[in-house]
Each structure stands twice: as C-alpha cells, then as structure tokens.
Amino acid sequence: MEKPILGLDLGGTKIASGLVDLRSGGLLGKGLLTRKTFDPDRDVDIFGSLVAAIHETLSSNDMQMADIGGIGLCVPSPVDPKTGFLYNPPNLRGWANIPLREKLQNECGVAIGVDNDANAAALAETRWGAARGLSRSVFYATISTGIGTGIIINGAILHGKNGLAGEGGHVPLDGFGREKCGCGNIGCIEALASGTAIVKLARQLLQSRSGHSLLWDMAQGNMDTIDMVMIGEAAKQSDSFAQEMIATQGMRLGLWLGGMVAVFDPEMVVIGGGCANLGEPLFRAIRQTMIQRTIHPKADEIPIVPAQLGAASGVIGAASLL
Ligand SMILES: [Zn+2]
C-alpha cells in the first residue's frame, strides 16, 4: 500500500495538519487536526511549532516517520517551490528568508514539498474538489481576511521563474487611491475587496451616514464587532445596507476577475475562503460585473463556483505537492 503523506498548512496563528491518501485526496485516521499555537506578533518559535505539529499528527494517528511517504507544507508567503526558500510572509512578522525545506528535511529525514497556501489549495480543488476533471486552466481565489490566488495550467501550479507567480490578490485595481495593502502597495484588490476591506468600508459608512441598518442592532453600538458573518446574516434578513456591501464586494471582485479571465481564459473560477459562504448574492454580483467588464467574449460561459474542500484544502493540497 502506498504510504500516506503528512500535509501541513501554516496559517497566521495556527497550524492545520492531517494524513492524506493521495489516491483519493481524502484525510485518513484522525482527520484534520488544528493547533492554535502561536502569536505571530510575538517572537515565537514557528519552526518549533511546525515540528511539534508533525510529531503530534504522527502520534495521534499511531504512526512513525517511517510510515509516511513524505511531508507537504503550505505557507502564507511567497516561497520558491524548487528550493523551499520562504521569502517574506506578510502576516508572520520577523519570520522571513528561511531555507524551510532544507531545515525540515534535516529535522525529519523524509521527502519535503513546500509551496504557497493558495497554490496548494488550487491544486487540491483541481484534483479532488470543485474543479476535478478539469486541468487545462483553473483560476482559484480564496477571499477571507486577505485574497490569495492559485493558477493551475495543464494540471500543474503556475510558478513562473522564481516560484512567485499567482499573487493575484496583489494586483492593484486603484493605484491612485488611498487604500494601503498589507504588502506595502496601494489599491491591491486585497485592500479593496477582501473580507477585511469590506468590513472596514461598512464601519466607515455606518459611522458617517444616518439611516438604519440591522447592523447597528446586531453590533449593539460596538462597530468593532461587525464582521463578514454579521454582514451576511443582516443581508439574509433583507437589510439593504448589508446587501449593498456584498454587492460592492462582488462588483470589485468581478472587475478584477474580468481582468484575470482575460489573462488566463480559465475553464472555471473557484472561490474559497470565508466570504464564499456569502453564497449566491456575492457570486451573482461577481458574475454580473465580470461578464460586463472584460474583453473575454465567452466570459458568461465560465462557471464561478464555491470551493468544496473547505478548511482541509490547504492540508490536502500540501500533501499533493509530493
Ligand atoms: Zn497588496
């Protein structure tokens, strides 16, 4: 029997892991394990946390290093998949320029694969999720606190020269505006249409205009408690302000995707991340603008669908790197 692969998904504050059967793309044994282990703003040992997560995953599944076929790791950072060199993760302060694959290989003594987290999720969704059966060209975007993208061309992740391709979330849509992005640039689509950006916009508008929104009641006067889940809930209850926020997010994403489909001519656009839970109101707004605002003459034929693998997509995708 083929040995399972240990998949690891390093996030901003937690590490998800699991043993993956590469024939089915399914999780084995204990399934998806999550450790909330570190505070990225403090100087903590992220590498040590990764190694601890590896050993914990093995022991909770009654396995040893020799029982697995290797370890796949995905990280929230630009990374060179050939060398496993981690560049500059925007959300893991002080943790940059690390020869991650080499370090893990020395520590564990098994084959190691490393890639960016959105790239790994794109690969997982194409092999086993929403885009399974397709492979020529799939565009994957995860819309949550940030926006990450992964592009699959001919069954493989599009890496470019240095492994740095596919940073679609940092394409500026308004380079002359005021919205500063976490990457240091101005007006990236992430700074305009991520969950964080829309929540910020909603808070600003609520504070500056009179009129009623359910969000006032739901937040009980504390604007800081407003998040995308709350906006989605208010929209479901026919709150026009919340609906307007989702339409704005969809319009901005649609404009951006109009450009992306003109560049990549995908067979499918897959949307993951927390904002995909907003469902059809968001997807409808995206489709409408994307079709109107692109040179792609067949944009109306490109399905835009929600991702299927949920929280496990990073772990399954990381394992698929081997
Ligand atoms: Zn950016």
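Domain bounds, as used here, come from an automatic or database domain assignment. On that basis, the protein chain of this predicted model comprises domain 1 (5-124 + 312-320) and domain 2 (133-306). The centres of the two domains, taken over C-alpha atoms, are separated by 26 Å.

**Contact between the domains**
- Domain 1 contributes 15 residues to the contact, and domain 2 contributes 18 residues.
- On the side of domain 1 that touches domain 2, the elements giving two or more residues are β6 (79-80), β9 and α3 (117-128).
- Helix α3 supplies the largest share of that side, with six residues.
- By residue class, the side of domain 1 that touches domain 2 has eight nonpolar, three polar and four charged residues.

**Surroundings of V110**
- V110 is located in the loop that runs between α2 (100-108) and β9 (112-116).
- Because a residue counts as buried only with 20 or more other C-beta atoms within 10 Å and as exposed with 12 or fewer, V110, with 18 C-beta neighbours inside 10 Å, is classed as partly exposed.
- Apart from neighbours within four places in sequence, V110 is in contact with M65, I68, G70 and I71.
- G70 lies 40 residues from V110 along the chain, yet the C-alpha atoms of the two residues are 5.2 Å apart.

**Helix α5**
- Helix α5 (residues 195-208) consists of 14 residues.
- From its first C-alpha to its last, α5 reaches 20 Å, close to the 20 Å expected at 1.5 Å a residue.
- The buried residues of α5 are G195, A197, I198, V199 and A202.
- The elements covering these buried residues of α5 include β10 (137-143), α4 (189-193), α6 (214-219), α7 (228-236) and α8 (240-264).

**Strand β13 and its partners**
- Strand β13 (residues 268-272) is largely enclosed by the rest of the structure, because five of its five residues are buried.
- M268, V270 and G272 point one way from β13, whereas V269 and I271 point the other way; all are buried.
- β13 pairs with β10 in the parallel sense over five bridges, and V138 stands opposite M268 in β13.
- β13 also pairs in the parallel sense with strand β14 (residues 304-306), over three bridges.
- Within this pairing, V305 in β14 is the bridge partner of V270.
- Between β13 and β14 the chain passes through helix α9 (residues 280-292), forming a right-handed β-α-β crossover.

Conventions
Residues are numbered from 1 along each chain as its sequence is written. This is a predicted model: local features need pLDDT of at least 70, side-chain atom pairs count only at pLDDT 80 or more; totals for chains, interfaces and linings use all residues. Helices (H or I, at least four residues) and strands (E, at least two) are DSSP runs, numbered from the N terminus. Two residues are in contact if their C-beta atoms, placed from the backbone, lie within 7 Å. Ala, Val, Leu, Ile, Met, Phe, Trp, Tyr, Cys and Pro count as nonpolar, Asp, Glu, Lys and Arg as charged, and the others, Gly among them, as polar. The expected span of a helix is 1.5 Å times one less than its number of residues. Two strands pair if DSSP finds at least two bridges between them. A crossover is right-handed if, with the strands pointing away from the viewer, the path from the first strand over the helix to the second runs clockwise.
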